[in-house]
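Please read this briefing beside the sequence and the structure shown below. The points are grouped by topic.

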Amino acid sequence: MSDELKRGLEGVLVAESDLSYVDGEVGKLVYRGYDIEDLAQGASYEEVLYLLWHGSLPTREELDAFAADLAAERAVDDDVLDTVRTLADAGERPMAALRTAVSMLSAYEPESDADPADLDATLRKGRRITAKIPTILAAFERARQGEDPVAPDPDLSHAANFLYMLTGTEPDDVSAETFDMALTLHADHGLNASTFTAMVIGSTMADVYSGVTGGIGALSGPLHGGANQDVMEVLQEVDASDKDPVQWVKDAREEGRRIPGFGHRVYKVKDPRAKILEGKLRDLAESSGDTKWLDYTTAIEEYLTEQGLLDKGIAPNVDFYSGSVYDSLGIPVDMYTPIFAMSRAGGWIAHVVEYQEDNRLIRPRGRYTGPEDSAFVPVDER
Ligand SMILES: CC(=O)SCCNC(=O)CCNC(=O)[C@H](O)C(C)(C)COP(=O)(O)OP(=O)(O)OC[C@H]1O[C@@H](n2cnc3c(N)ncnc32)[C@H](O)[C@@H]1OP(=O)(O)O
Ligand SMILES: O=C([O-])CC(=O)C(=O)O
């Protein structure tokens with residue numbers, strides 16, 4: 001047994017996985033061998049889900065059946081929608097509301113008595129969760145606006161249906177395709193903190209609702225998925241101030257603040273997903289003529305490159321450009337991290353099932369540094 005301490009489990013191999021591979025030195029991401037660039041350009045989120053959950057890309061027939069099965073599970077019980085409304089009225093944050101609502105979904109799970117070792121049943125539960133997350137999020141946002149939920153449309157794709165339920169209007173093709181691509185880009189990423197959280201929970205053979213609920217909690221933090229909201233808040237802060245983006249970054253660095261959307265445990269170069277999202281932002285900015293966020297993000301990246309951050313391996317990650325893309329779709333800033341969860345749920349479920357196929361309880365050790373031989377004194381004698 002090694003006594004070497006690996007803080008933050010950095011670089012520690014804990015499981016084998018066929019699902020996704022991240023090469024942080026060259027900036028490469030693959031899902032089951034397929035390059036993320038090819039999937040982003042050519043595959044829908046439903047195809048990516050099928051790939052992750054079933055091991056290969058679907059045929060047209062398989063995809064149609066899979067998408068229809070997923071779409072058929074979108075409706076959420078009225079009790080859950082009532083809770084979502086209550087949470088919105090109470091001013092709950094969207095990630096916390098999502099965590100609560102997903103946990104509550106398990107009360108309405110038709111296969112709740114299934115043996116946790118029945119992995120086909122786990123995948124069916126995972127499909128229900130994945131299908132219902134967009135319905136919950138759209139209903140939450142509409143409740144905050146004082147609007148009733150919009151019922152899901154089974155004829156629309158996972159991405160288009162979310163935008164439809166959010167706004168009540170069917171999105172145009174560019175918006176639906178852009179959002180679908182964002183979902184594809186966020187679906188999986190090795191043993192990141194939220195996926196590992198879901199796996200730890202799954203390794204106790206707890207049910208998949210617990211794993212996804214835990215994953216949402218882990219993703220919400222600013223060091224992980226929460227950074228996409230922070231990036232947009234920085235851009236808005238710059239916009240509202242008399243500073244230009246470079247001055248904002250200079251001041252932030254002098255104050256010892258971290259720049260959200262920069263740095264990554266695995267990537268030492270620019271995240272390939274950031275490159276794809278940057279390209280998409282450029283296209284959207286050129287067609288709308290509104291280049292503000294593109295100008296700000298580009299100025300920040302250029303300045304930090306000049307300052308040598310990229311040479312030190314602190315480069316833009318997926319969160320740096322995603323918010324600007326979501327803003328172009330009219331999505332509220334505090335929904336950015338929930339959208340990440342909407343996509344990553346597919347990856348969490350895939351990893352839980354893959355791990356449970358050859359399960360071993362995850363239980364590392366901590367080095368004890370507390371006192372030894374403390375003499376116990378009863379409470380009234382202390
Ligand atoms: C989807 C995702 O989860 S992607 C990540 C999203 N999170 C963010 O964008 C938040 C900002 N980034 C960060 O906080 C970090 O880069 C993390 C948490 C993502 C990764 O951190 P770690 O692998 O633990 O690296 P660590 O925190 O040890 O940083 C290494 C060095 O880079 C610096 N650094 C890392 N990120 C940043 C940043 N965003 N801005 C400025 N400096 C940074 C650290 O200060 C540290 O410098 P030092 O060695 O001089 O002390
Ligand atoms: O892999 C990580 O550490 C963070 C993550 O989830 C991602 O970049 O998508």
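**Asp 373 and the model**

Asp 373 counts as exposed, because 4 C-beta neighbours lie inside 10 Å; a residue is exposed if 12 or fewer other C-beta atoms lie within 10 Å of its own, buried if there are 20 or more, and partly exposed in between, with C-beta atoms placed from the backbone. This is a predicted model, in which local features need pLDDT of at least 70, side-chain atom pairs count only at pLDDT 80 or more, and totals for chains, interfaces and linings use all residues. Residues are numbered from 1 along each chain as its sequence is written, while chains are lettered from A and ligands numbered from 1 in the order in which they are written.

**Overall form**

- The chain holds 16 helices and three strands; helices (H or I, at least four residues) and strands (E, at least two) are DSSP runs, numbered from the N terminus.
- The chain has a radius of gyration of 22 Å, close to the 21 Å that the globule rule gives for 382 residues, so it is as compact as a globular protein of that length. The radius is taken over C-alpha atoms, and the rule is 2.2 Å times the number of residues to the power 0.38.
- Taken along the principal axes, the box filled by the C-alpha atoms is roughly 70 × 50 × 50 Å.
- Of the 382 residues in the chain, 45% are buried.

**The sheet**

- Three strands form an open sheet in the order β1-β2-β3, with antiparallel pairing. Its edge strands, each pairing on one side only, are β1 (20-23) and β3 (34-35).
- Two strands pair if DSSP finds at least two bridges between them. Strands β1 and β2 (residues 28-31) run antiparallel and are joined by four bridges.
- Within this pairing, Asp 23 has Lys 28 of β2 as its bridge partner, and Val 22 stands opposite Leu 29.
- In a regular strand the side chains alternate between the two faces of the sheet. In β1, Ser 20 and Val 22 make up the covered face, and Tyr 21 and Asp 23 the uncovered one.
- The hairpin of β1 and β2 has four residues between the strands, and Gly 27 there takes a positive phi near 80°.

**Helix α6**

- Helix α6 covers residues 119-144, and its 26 residues should span 38 Å at 1.5 Å a residue; the end C-alpha atoms are 37 Å apart, which agrees. The expected span is 1.5 Å times one less than the number of residues.
- At Lys 132 the helix α6 bends by about 30°, and a proline, Pro 134, follows within four residues. The bend is the angle between axes fitted to the seven residues ending at a residue and the seven starting there.
- Because 19 of its 26 residues are buried, α6 is largely enclosed by the rest of the structure.
- Gly 146, which follows α6, has a positive phi near 75°.

**Ligand surroundings**

- Around ligand 1 there are 17 residues, and those that come nearest are Ala 227, Arg 258, Phe 262, Gly 263 and Arg 265. A residue is near a molecule if its C-beta atom, placed from the backbone, lies within 6 Å of it.
- The shell around ligand 1 has seven nonpolar, seven polar and three charged residues. Ala, Val, Leu, Ile, Met, Phe, Trp, Tyr, Cys and Pro count as nonpolar, Asp, Glu, Lys and Arg as charged, and the others, Gly among them, as polar.

**Single residues**

- Most residues other than glycine have a negative phi. Arg 32, however, has a positive phi near 45°; it sits in the loop between β2 and β3 and is partly exposed, with 18 C-beta neighbours inside 10 Å.
- Asp 373 likewise has a positive phi, near 55°, and is placed in the segment after α16.
- Asp 358 is also in the segment after α16 (336-356) and is exposed, with 8 other C-beta atoms within 10 Å. Its C-alpha atom is separated by 9.6 Å from that of Ser 203, 155 residues apart along the chain.
- Leu 310 lies in the loop between α14 (292-306) and α15 (318-328), and its 17 C-beta neighbours inside 10 Å make it partly exposed.
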